[in-house]
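Dear colleague,

I am handing over the structure we spoke about, with the sequence and the coordinates together below. After it you will find some notes on what turned up, and I would be glad if you read them alongside the model.

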Amino acid sequence: MHWSDVIAERLAQGGNDHIIATGITPSGEFHIGHLREILTGDMITRAAQRAGLNAELVFVVDNADPLRKVYPFLDASYEEFIGHQLGAIPAPDKDGKPDWERFENEGWSYGDHFLAPFLEALKQIGVEPRLIPNLTSYREGNFASSAKKACDDPGAIREIIERVSGRELPKDWFPWQPLDSKGSLDGLTITGYEYPFVMWTDQYGESGQSDITKGEGKLPWRLDWPAKWGFNNITCEPFGKDHGAAGGSFATGVEIAAFFGHEPPQSLVYEWISLRGKGAMSSSTGNTVGPIEALRLVPPEILRLLIANSKPNKAIEFDTGMGLVNLADEYERLSSRDFAEELSSDELSRRQRVQIEDAQAALRLSMVSAGEQAEATSVSFRHLALLAQIKPNDDGIWSSLKESGAISGPSSVLSDRLTRMRAWIESKHFPEEMRIVILNQPDEEALSGLDDEQRKVIPHIAAEMESAEWTAEGITQAFKNAALHAEAPMRTMYRACYAMFMGSERGPRLAPILANCIREDVCMLARACSARLS
RNA sequence: GGGCCUGUAGCUCAGUCAGGUAGAGCGUCGGACUUUUAAUCCGAUGGUCGCGGGUUCGAACCCCGUCAGGCCCGCCA
């Protein structure tokens, strides 16, 4: 059974109505790792809906969290906002400076700035969750009841956190963080509590009171999370392994939720995504691939497959090079399979059956719109990568594919894929081994690997190139002439060609590629090869 | 110190929850297609399932131990 169905089955035991939650702090640029959070939630939601449950995906935007530090992409002036809530400070402009104008006129905040492009990417990838801005939840008083319980009995909360997490809380710890006179959550001292007010003094010597029913502060993370489960009616939440460690925030959250008087959600811990060879992604080190950037290269369904086809506890190494080619070809293979037919065989072992069912579920979850049928394009990623490099314009590709009988016409899926393919080829991520390169000087090693028969053709090829009509057809004719004059079979001739022009033993059809090269360059290379052997 | 995950074919990984003859893709090698879009098709190759014990008629799978790698335990998906 697919992992999403396993969770859906568990949810079904707990009732019919479910809210699956995901949550991210918009402290910097979003990356592929965040996509796992959302997609994991999305896939659970789809599985639950398929199982007949009433399920909704929500995305809690943790914009009540404070800015922790001045990240490298921020101007030094952000120093004054450290400790301030992400939804309550201006967004950085293109120079990393606070954009006060937009903040004051439109309320465009730091959190909005980073959230917006991520939401755009989510839309492309077929995920449109209901948004719950956490700062708004505070201001509307949704945290009031939990906050009251915690402030009424700080000892009980302290006991839970200290026992479960095994760490000791400071003596002056209090389960509410007020905003100080400048709007920061840092450096305050709690001086008293009388519902609904928490009294404080800040580092500037100012003092005041914070109304816990109006969002004049926030709950510390370990309370914030379980409180949200309650008023948002969360029944299921996937989260990263960082929260899942023993004594981590989920463990304390379970008990704190009970103290608040509600059930914790069904949990699912997932592993992180790292960049191949570069370690974990992190916004602050700049070691990221953004969802937008990824979508420029990869069709959304293939990005979805990456998540759907990996069990949540499996660490994923995101590879924008060859790994992507393999993933895309895997998608092609899956979409051309007839699962119903495979499953109808009664000679399947339990294992085989499970494998087929999982592949089927993974493909289904990869669709951008739920319920859509996968469409096999019958053109592999590899093949398309070749064509895109050989043919400068798209029409040439379609007619070539039509000629070979692969397609009857360009489908929208395919032309969309081609657009991304071209972006990929131009990006730094495109793998060298896929890149078609015509040599500019003879490759000694390749030439010396030829036998006498093959060498014999080279001068003829060089000669024919000089006079060939410079089109794919003309060059093909020149090749034939060369073989004819050398009295060699075409196979031998081609072997010599690849050694001459690409330094390899085999390759893609040469004539169309050469036709797109500058004639004089090709002729010079051919003459040089010929001279090298004489 | 506490905890989690991973270890299966040259590579990437399924398979472990419900024990029942070791799987897929890629790669490699060979062949076909009588001249090739790294194509396609067919075939072959390939594993003491990290290691040691235990339970069992039977263990990759369950239990105990052990080694190795990665990670979490202020914040982070």
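To begin with a pair of helices, the axes of α12 (residues 300-308) and α13 (residues 322-335) come within 10 Å of each other and cross at roughly 95°, which makes α12 roughly perpendicular to α13, a term that covers angles of 65 to 115 degrees. Axes here are lines fitted to C-alpha atoms, for helices over the stretch in contact, with angles running from 0 to 180 degrees between N-to-C directions, and helices are DSSP runs (H or I) of at least four residues, strands being E runs of at least two, both numbered from the N terminus. The contact (heavy atoms within 4.5 Å) is made by E301, I302, L305 and L306 on the α12 side and by L327, A328, E330, Y331 and L334 on the α13 side. These residues divide into seven nonpolar, no polar and two charged, where Ala, Val, Leu, Ile, Met, Phe, Trp, Tyr, Cys and Pro count as nonpolar, Asp, Glu, Lys and Arg as charged, and the others, Gly among them, as polar.

Please bear in mind that this is a predicted model, in which local features need pLDDT of at least 70 and side-chain atom pairs count only at pLDDT 80 or more, while totals for chains, interfaces and linings use all residues. Residues are numbered from 1 along each chain as its sequence is written, chains are lettered from A and ligands numbered from 1 in the order in which they are written, and side-chain values use heavy atoms, with hydrogens and water left out. Chain A has a mean pLDDT (the predictor's confidence in each residue, from 0 to 100) of 88, and 97% of its residues reach 70 or more.

Turning to the backbone, the peptide bond from Y195 to P196 is cis, with omega near 0°, and P196 lies in the loop between β5 (189-194) and β6 (197-201). E487, in the loop between α21 (472-486) and α22 (490-501), has a positive phi of about 55° although it is not a glycine, and E487 is exposed, with a relative accessible area of 69%.

Notes. Angles under 35 degrees count as roughly parallel, over 145 as roughly antiparallel, 65 to 115 as roughly perpendicular and the rest as oblique. Buried means under 20% relative accessible area, exposed over 50%, partly exposed in between (1.4 Å probe, protein chains only).
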